[in-house]
Amino acid sequence: MKAELAIPRLSAVKKVTGIQYAALPYRIVAGGAQILLITSRRTRRWIVPKGWPIEGLRPHDCAGVEALEEAGACGEVGESCIGSYRYVKHSKRGFSVPCSVEVYALRVTQLRRIWAEKHERDRRWHSIEEAAAAVEEPMLRLLILRFGEQLCK
């Protein structure tokens, strides 16, 4: 009798933690600082542009690429991580992956009228307080508020 090979099911992958890189797009206007949020594709929740590592790119450069693709935002990305948060990425295939997201500040200098995911997402400028209230992840909310405090100093 042959021994059967144990093939891990997708649900067994749940314990693997992924890492993603995000941009926190911001601008300074007469009324203070504003944060650019985008909607997620499926649930339409307000989020920041984020994605998986890109081979050959540094983390902050990955964050800049995601901001361009998902929000049409270009600008100066800080090289230092300003904070991180965790969330659970739900796959279309039915499994979930806990992710840690490193966030990099992006001072927006240009917003494109046409960008890769324009027809899949909405984008909107929010005050610091509005942005913090709009996102669901508690650690991202706190990160936005702390970032806003630093900008106002």
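**Strands and a loop in a predicted chain**

Mentor: Val 29 has Gly 32 as its bridge partner in β2. This is a predicted model, where local features need pLDDT of at least 70, side-chain atom pairs count only at pLDDT 80 or more, and totals for chains, interfaces and linings use all residues. Residues are numbered from 1 along each chain as its sequence is written, and side-chain values use heavy atoms, with hydrogens and water left out.

Trainee: What do β1 and β2 form together?

Mentor: A hairpin, with two residues between the strands. They pair in the antiparallel sense, over four bridges. Two strands pair if DSSP finds at least two bridges between them.

Trainee: And β1 with β7, parallel or antiparallel?

Mentor: Parallel, over nine bridges. β1 covers residues 18-29 and β7 covers residues 96-111. Leu 24, for one, has Ala 105 in β7 as its bridge partner.

Trainee: How many bridges join β1 to β4?

Mentor: Two, and those strands run antiparallel. β4 is residues 50-51. Tyr 21 stands opposite Gly 51 there.

Trainee: Zooming out. How many helices and strands does the protein chain have?

Mentor: Three helices and eight strands. Both are DSSP runs numbered from the N terminus: helices are H or I with at least four residues, strands are E with at least two. In sequence order the pattern is β-β-β-β-α-β-β-β-β-α-α.

Trainee: What's up with the phi of Arg 44?

Mentor: Phi is positive there, about 65 degrees, although Arg 44 is not a glycine. Most residues other than glycine have a negative phi.

Trainee: Where is Arg 44?

Mentor: In the loop between β2 (32-39) and β3 (46-47). Arg 44 counts as partly exposed because its relative accessibility is 36%. Buried means under 20% relative accessible area, exposed over 50%, and partly exposed in between, with a 1.4 Å probe and protein chains only.

Trainee: How much of the protein chain is buried?

Mentor: 41% of its 153 residues.

Trainee: New topic. What is the mean pLDDT?

Mentor: It is 89 for the protein chain, and 89% of the residues reach 70 or more. pLDDT is the predictor's confidence in each residue, from 0 to 100.

Trainee: Where does pLDDT stay under 50?

Mentor: Over residues 1-16. For that stretch the model has five contacts beyond four places in sequence. A contact means heavy atoms within 4.5 Å.

Trainee: And what share of contacts links residues 24 or more positions apart?

Mentor: 68% of the contacts in the protein chain with a separation of 6 or more.
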